[in-house]
Amino acid sequence: MDVSFTLWLLTILGLSALIAVDFFIGRKPHDVSIKEAGIWTIVWIALAILFGIGLMVFGTSQASGEFFAGFITEKSLSVDNLFVFVLIMAKFSVPSHLQQRVLLIGVLIALVLRAIFIAAGAAIIASFSWVFYIFGAFLIYTAWKLIQEARSDDEEDDFEENRLLKSIEKKFGVADRYHGTKLFIQVNGKRVLTPLMVVMLAIGSTDILFALDSIPAIFGLTQDPYIVFTANAFALMGLRQLYFLIGGLLKRLVHLSYGLSVILGFIGVKLVLHALHENGVHVPEISIPFSLTVICGVLIVTTITSLIASKKQAEREAAEAVEAGETPVKDDDKDSVQS
């Protein structure tokens with residue numbers, strides 16, 4: 001797409017306005033209900049659909065297809081990221097009424113980081129076509145790694161702080177408790193971080209690792225920086241509400257890693273084929289409609305098989321509990337206890 005500076009500016013202003021509205025509505029710390037999360041999740045998805053339709057009307061069907069393929073891919077990867085967000089919230093014992101503020105600021109940090117990565121990726125692709133080989137190989141490797149992790153019996157039940165976060169905590173110091181929405185407080189004349197600020201930095205810095213997967217993946221679907229940015233923006237901006245909506249269901253998506261590995265592997269192969277085509281090798285190229293079909297199909301199958309497997313596992317655990325003379329605990333009760 002030939003995107004003018006004016007369109008870029010209007011898009012950024014429009015997204016900023018939507019974020020401002022979201023921030024204004026959620027400015028007061030509170031426990032987010034399922035109803036509130038559901039309404040806003042629908043709103044963000046509807047806005048993304050309207051934007052994709054707008055690309056078709058005022059742009060091309062190719063651009064619209066690339067946006068929807070990128071948006072769905074980024075959204076599915078974001079759901080996987082929610083597992084880590086849950087661990088971070090548990091690690092720092094974030095009060096439930098402050099979690100929505102943490103996620104809002106974390107998403108804003110993620111948007112800024114993604115914009116930087118997208119700009120760098122677009123510049124590299126424009127100068128070096130061989131980078132598609134690297135992106136493709138990396139995605140295929142990531143797909144294989146996801147399968148290995150999914151097949152592993154070890155369950156990640158804690159969040160390990162990275163070196164950057166530890167160094168910041170050591171330099172500034174951290175208060176011993178939360179102080180509402182304050183990010184800094186004065187302790188003995190010294191300005192120190194509050195746990196809320198540390199959690200926000202944890203989520204924001206963790207997104208750097210997430211971007212290593214998602215940015216190459218979406219560049220495998222489109223090389224248009226405008227579509228890459230907007231697809232990422234719409235996928236991320238609804239992430240906060242999605243966290244509260246499906247937080248209790250995350251552990252039931254037991255096959256999500258397998259589904260994401262298939263998607264990333266598929267896009268990796270697509271990138272390698274595209275690179276070969278760019279170098280004059282006569283190989284088939286995978287079209288956007290086919291990519292969109294594969295991505296949606298894999299996610300649908302993954303969700304269905306995950307729910308079936310989770311239900312069978314729950315029935316098995318209930319039967320074992322009955323045999324052992326214990327009272328079986330329903331999944332809903334587990335979720336409420338964890339929350």
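Select R114. At 3% relative accessibility, R114 counts as buried (buried means under 20% relative accessible area, exposed over 50%, partly exposed in between, with a 1.4 Å probe and protein chains only). This is a predicted model: local features need pLDDT of at least 70, side-chain atom pairs count only at pLDDT 80 or more, and totals for chains, interfaces and linings use all residues. Residues are numbered from 1 along each chain as its sequence is written, and side-chain values use heavy atoms, with hydrogens and water left out.

**Stop 1: the salt bridge**

Which residue forms a salt bridge with R114? E74 does, with the closest N and O atoms 3.6 Å apart. The term requires a side-chain nitrogen of Lys or Arg within 4 Å of a carboxyl oxygen of Asp or Glu. The pair links distant parts of the chain: R114 sits in helix 4 (residues 99-127) and E74 in helix 3, 40 residues apart. Helices are DSSP runs of H or I with at least four residues, strands are runs of E with at least two, and both are numbered from the N terminus. E74 is buried too, with a relative accessible area of 2%. Side chains of opposite charge can pair when their charged atoms come close. A search of the whole structure finds one salt bridge.

**Stop 2: I215, beside the pair**

Select I215 in helix 7 (residues 195-219). I215 is buried, at 5% relative accessible area. Leaving aside neighbours within four places in sequence, I215 is in contact with R114, F117, I118 and N232. Contact means heavy atoms within 4.5 Å.

**Stop 3: K75, next along helix 3**

Move to K75, in helix 3. Is K75 buried or exposed? At 12% relative accessibility, K75 counts as buried. K75 touches F234, A235, G238, L239 and L242, not counting residues up to four places away in sequence.

**Stop 4: helix 8**

Select residues 225-237. At 1.5 Å a residue, these 13 residues should span 18 Å, and the end C-alpha atoms are 18 Å apart, which agrees. The expected span is 1.5 Å times one less than the number of residues. Helix 8 is mostly covered: 12 of its 13 residues are buried.

**Stop 5: the nonpolar core**

Select F67 and F92. Of the 86 residues in the largest nonpolar core, these two touch the most other members. Helix 7 gives the most to this core, with 13 residues. A nonpolar core is a set of buried Ala, Val, Leu, Ile, Met, Phe, Trp, Tyr and Cys residues joined through side-chain atoms within 4.5 Å. Show the surroundings of F67. Not counting residues up to four places away in sequence, F67 touches A48, F51, G52, L55, I227, T230, A231 and F234.

**Stop 6: helix 11**

Select residues 288-323. Helix 11 has 36 residues and reaches 52 Å from its first C-alpha to its last, close to the 52 Å expected at 1.5 Å a residue. Its buried residues are I288, S291, V294, I295, V298, L299, T302, S306, S310 and A321. An α-helix has 3.6 residues a turn, so residues three or four places apart point the same way. The cover over the buried residues of helix 11 includes helix 3 (61-91) and helix 10 (256-278).

Pick S306 from that list. S306 is buried, at 1% relative accessible area. Leaving aside neighbours within four places in sequence, S306 is in contact with R252, L253, V254, H255 and L256. Then step past the helix end: just after helix 11, G325 takes a positive phi of about 80°.

**Stop 7: the whole chain**

Zoom out. The chain has 12 helices and two strands. Read along the sequence, the pattern is α-α-α-α-α-α-β-β-α-α-α-α-α-α. The C-alpha trace spans about 65 × 60 × 35 Å along its principal axes. Of the 339 residues, 44% count as buried. Among contacts between residues at least 6 apart in sequence, 78% join residues at least 24 apart.
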